[in-house]
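Student: I have a structure to go through. Can we look at how its elements pack?

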Amino acid sequence: MKVLAIETSCDETAAAVVRDGREVLSSVVSSQVDIHSKYGGVVPEIASRKHVESIIPVILQALDNARLDLDSIDGIAVTRGPGLIGSLLVGLSVAKSIAFAKKKPLVGVNHLEGHVAAIFLSDRTPVFPFVALVVSGGHTIVYLARDFQDFVLLGQTRDDAAGEAFDKAAKLLNLGYPGGVVIDRLAKSGNPEALTFPRPMRDSLDFSFSGVKTALLNYTRKREKPIEEGEIPDIVASYQEAIVDVLVEKTMRAAALNDMPRVAVVGGVAANSRLRSRFMEEGQKRAIEVFIPPPVLCTDNAAMIAVVGEHLLARGRRDGHDLNAVSRWPLETLLK
Amino acid sequence: MGEGAFTLEMVSKRAEDTFRLGKTLGRCLSPGDVVALMGDLGSGKTCMTQGIARGMGVSASYHVTSPTFTLINEYPGDITLYHLDVYRLSGPVDLEDLGYEEYFYGDGVVVIEWAEKIESVLPIEKCFIVHLRYVDENTREIKISGPVDRMAKISQALSQGGFI
């Protein structure tokens, strides 16, 4: 089956064509990062307007790259939530229009399940069940992934998401946007042990990143003189290390508690180079197989949405043209 | 705020104080109330909102997390809590896109983080404004102001709680 997928849940306009949920025939992502960097974050009004401008060219490009036209597509998958409603509606409206005009089956896909499914587009793929860490600007959640649509929540953030902790630190240090990418780059030349930041490891599998953000704030406020550019690498490397330590430790603990020898790390923050290498190291030490998609499949894209779409369509799922966007849609409720 | 406003000043010595202060405030809130939180990164806005939620009877099974990415989180309680974060918005124009009037003039309680960004559209006549200021590592200075007829009860509750 050849599935056309559309993703507009946040600040990327994306379309992709994937064959049999495995082979990416095309994947086009039009990022709004340049526009948003002026504002230091995503601006919803701008996000939805840019989606309107980009969505048709992005879909046409995806079809063109795959050397296909709409008639040769077997089904359409679209991100339905969670995300910004105004942004989601742009992709949803276009998907429904195409499905109606071309009489193609349509399915709505959960963005978080898409992130997990990105792992099936990698060279090495896990079999169900496995423990999945979904870590991005808006989410930090650990699941037991038993099958498509079948997720058990094991732990989640109690305050800020990990990606948000990166973004806010970058803002605090005037490093620019997107914060995670800038910190990843600067931290490479820094010493991760230069400073000590808190690593909240309470007994539960829940995360808390608000304290590490405040600790950085305290550090900047308590100093007598302003931070010089040369000090930044050590500061961000130490800050990044604290976040990475917590993500790795909690995820590995979740795997151990569930007797699970397989872990997948997905979502935008899974593109962080330090997080990737630390997970691979710890996996080897603990005899847990770690799966991380290539960075281009960690950040938002439509190919991952097509993987879930393929699965749902193959099972006979069809959504009507009354399909609506949802801002909140917990993964563990898919079966209900 | 002009006449008819009333300001209470407190000091929070630790995050738990900010949480308890929020909880006390949360118990005094009624349907339709709007709480505008103003203060820098790390000043305790999300912490205070967690307290307000608990005071309003939002079940402890809900983790009140930062809505920076999602913009609005909704929690069912004795009264529904709408937790907004306008950090990423450029200003009031963006807020219109969220359909904020439905929240501001609805039956729930609205708590807004980074409210200073949208000050011009706050329903000032009924709004509680909370300023949180970083003093040092653990200490935050907190000022609450609001309609004078409502502040008496809040003042009483806060003094019973040992905050003032």
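Tutor: What follows covers a sheet and a helix pair.

Tutor: This is a predicted model, where local features need pLDDT of at least 70, side-chain atom pairs count only at pLDDT 80 or more, and totals for chains, interfaces and linings use all residues. Residues are numbered from 1 along each chain as its sequence is written, chains are lettered from A and ligands numbered from 1 in the order written, and side-chain values use heavy atoms, without hydrogens and water.

Student: What order do the strands of the open sheet have?

Tutor: The order is E3-E2-E1-E4-E5 in chain A, with mixed pairing; strands are DSSP runs of E, at least two residues, and helices runs of H or I, at least four, numbered from the N terminus. Pairing takes at least two DSSP bridges between two strands.

Student: Which are the edge strands?

Tutor: Strand E3 (23-31) and strand E5 (106-110) of chain A, each pairing on one side only.

Student: In what sense do E2(A) and E3(A) pair?

Tutor: Antiparallel, over eight bridges. Thr13(A), for one, has Ser30(A) in E3(A) as its bridge partner.

Student: Switching to helices. At what angle do H6(A) and H8(A) pack?

Tutor: H6 (residues 179-187) and H8 (residues 232-257) of chain A pack at about 115°, axes 8 Å apart; axes are lines fitted to C-alpha atoms, for helices over the stretch in contact, and angles run from 0 to 180 degrees between N-to-C directions.

Student: Which residues of H6(A) meet H8(A)?

Tutor: Ile183(A), Asp184(A), Leu186(A) and Ala187(A), contact being heavy atoms within 4.5 Å.
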